[in-house]
Amino acid sequence: MRADEITPASDASLLLADKPEIRVILAAPRGFCAGVRRAIDAVRDALAKHGAPVFVRRAIVHNLEVVRSLEAEGAIFVEELDEIPPGAVVVFSAHGVAPAIAADARRRDLTAYDAVCPLVAKVHREVERHQRHGRQIILIGHKGHPEIEGTLGHVSSVGAHVVNSLQEVEALPVGRDEPAAYAVQTTYSVDDAHAIVEALRERFADLEGPASSDICYATTNRQAAVREVAIRSDAIIVVGEHFSSNACRLAEVAGAHCGEVQLVAGPDDIDWECLPASGVIGITAAASTPESSVQAILSALAGRYRISVEQTGSEKETTVFKRMALA
């Protein structure tokens with residue numbers, strides 16, 4: 001058959017045959033959690049009620065696609081409240097803020113809505129209770145993360161300390177017999193938190209912790225799901241931002257079970273040379289990552305491979321938070 005006799009359908013078949021074959025396993029659950037949905041809805045509800053612009057202090061969630069989408073709808077993201085004109089509307093991010101930030105908003109005559117995740121607010125209530133009982137507060141998490149910074153702002157009358165390793169537990173400037181309490185960043189590694197809590201229990205004679213895990217259901221479920229997929233995969237793609245704590249933890253968990261892990265925000269970030277020529281590629285997405293980002297990754301893979309896609313995992317998330325009431 002001459003080249004000019006090849007039909008479009010035949011041409012497409014030949015192109016498909018030239019592609020290597022890859023099986024893709026999608027982890028479930030993945031992507032948006034209830035707290036992220038609630039925070040995004042809060043910005044959109046504020047825009048619907050007040051009109052544009054609505055200001056948002058810091059990234060509402062740690063995902064640039066989400067931020068850009070809300071900017072297109074009329075949201076303006078700022079770092080601090082002094083960038084907002086008096087009398088304007090501001091939404092606080094899902095990561096939570098210190099009470100001093102809310103007080104500053106009132107002084108500036110701002111209409112403020114707090115889109116804090118209810119599970120982060122639970123941690124705030126815990127540390128406030130421990131503070132009232134005079135306990136030293138130990139936060140297990142990442143120094144400088146917005147959630148940790150917000151939680152620290154709820155502690156004023158006792159010492160507060162942030163630890164992220166067993167070595168930092170040993171170096172705590174707190175007496176072994178002093179009453180202490182711990183709380184955990186909601187997006188922290190489940191395995192790392194367990195190890196640090198055990199070290200705290202060995203160190204302190206009088207230690208209190210949360211009645212139930214501070215690590216949120218979405219973090220726990222996604223880490224368990226990616227662990228299952230990573231064991232079966234030749235490479236893992238975690239879809240999320242490098243500045244997202246829960247995305248980084250997913251990559252760490254995957255890396256413990258799979259030798260090739262990439263954390264990417266979108267198709268342009270993929271290092272194609274590091275992906276296998278055949279076998280299995282697992283994909284998951286951080287709790288702040290929209291499903292559209294996952295679909296973009298799948299489309300990019302389909303452009304280079306013949307792919308078959310399956311979804312694994314049976315953990316169905318039924319948690320739903322009420323939309324924030326706008327006064």
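Modeller: Buried means under 20% relative accessible area. Keep in mind that this is a predicted model.

Biologist: Fine. Which residues of α10 are buried, then?

Modeller: Ser245, Asn246, Ala247, Cys248, Arg249, Leu250, Ala251, Val253 and Ala254. That is 9 of the 11 residues of the helix, which runs over residues 245-255, so α10 is largely enclosed by the rest of the structure.

Biologist: Zoom out for me. How many helices and strands are in the chain?

Modeller: The chain has 11 helices and 13 strands. It has 327 residues, and 52% of them are buried. The C-alpha trace spans about 85 × 50 × 30 Å along its principal axes.

Biologist: And of the contacts between residues at least 6 apart in sequence, what share joins residues at least 24 apart?

Modeller: 75%.

Biologist: Now the core. How many residues are in the largest nonpolar one?

Modeller: 27. Val43, Ile60, Leu70 and Val91 have the most contacts inside it. The elements giving two or more residues are α2 (34-50), β2 (54-57), α3 (64-73), β3 (75-78) and β4 (89-92).

Biologist: Which element gives the most?

Modeller: α2, with 7 residues.

Biologist: Why would such side chains sit together?

Modeller: In soluble globular proteins, nonpolar side chains tend to be buried together.

Biologist: Pick Val91. What is it in contact with, beyond its neighbours within four places in sequence?

Modeller: Ala42, Val43, Ala46, Val54, Phe55, Val56, Arg57, Ile60, Tyr113 and Ala115.

Biologist: How do α2 and α3 pack?

Modeller: At an angle of about 5 degrees, with axes 11 Å apart. Angles under 35 degrees count as roughly parallel, so α2 is roughly parallel to α3. On the α2 side, the contact uses Ile40, Val43, Arg44 and Leu47. On the α3 side, Val66, Ser69, Leu70 and Glu73 take part.

Biologist: Switching to backbone. Where are the cis peptide bonds you'd point to?

Modeller: One joins Ala28 and Pro29, with omega about 5 degrees. Pro29 is in the loop between β1 (21-27) and α2. Another joins Ala52 and Pro53, with omega about 0 degrees. Pro53 is in the loop between α2 and β2.

Biologist: Which residues other than glycine have a positive phi?

Modeller: Among them are Arg58, with phi near 65 degrees, and Asp109, at about 60 degrees. Arg58 lies in the loop between β2 and α3. Asp109 lies in the loop between α4 (99-107) and β5 (111-114).

Biologist: Why flag those?

Modeller: Because most residues other than glycine have a negative phi, and most peptide bonds are trans.

Biologist: Is Asp109 buried or exposed?

Modeller: Exposed, at 56% relative accessibility. Arg58 is partly exposed, at 27%.

Biologist: And Thr151: buried or exposed?

Modeller: Thr151 has 2% relative accessibility, so it counts as buried. It is in helix α6 (residues 146-152). Leaving out residues up to four places away in sequence, Thr151 touches Val123, His124, Val127 and Leu139.

Biologist: Last topic, rings. How many aromatic pairs are there in the whole structure?

Modeller: The search finds 0.

Biologist: What sits over the ring of Trp272?

Modeller: The charged end of Arg304, 4.2 Å from the ring centre.

Methods
Residues numbered from 1 in each chain as written. Predicted model: local features only at pLDDT ≥ 70, side-chain atom pairs only at ≥ 80, totals over all residues. Heavy atoms only, no water. Core = buried A, V, L, I, M, F, W, Y, C linked by side-chain atoms within 4.5 Å. Buried < 20%, exposed > 50% of the residue type's maximum accessible area, 1.4 Å probe, protein only. Helix = DSSP H or I, 4+ residues; strand = E, 2+ residues; numbered from the N terminus. Contact = heavy atoms within 4.5 Å. Phe/Tyr/Trp six-rings, centres within 6.5 Å; stacked < 30°, edge-to-face > 60°. Lys NZ or Arg CZ within 6 Å of the ring centre and 35° of its normal. Axes fitted to C-alpha atoms, helices over the stretch in contact; angles between N-to-C directions. Parallel < 35°, antiparallel > 145°, perpendicular 65-115°, else oblique.
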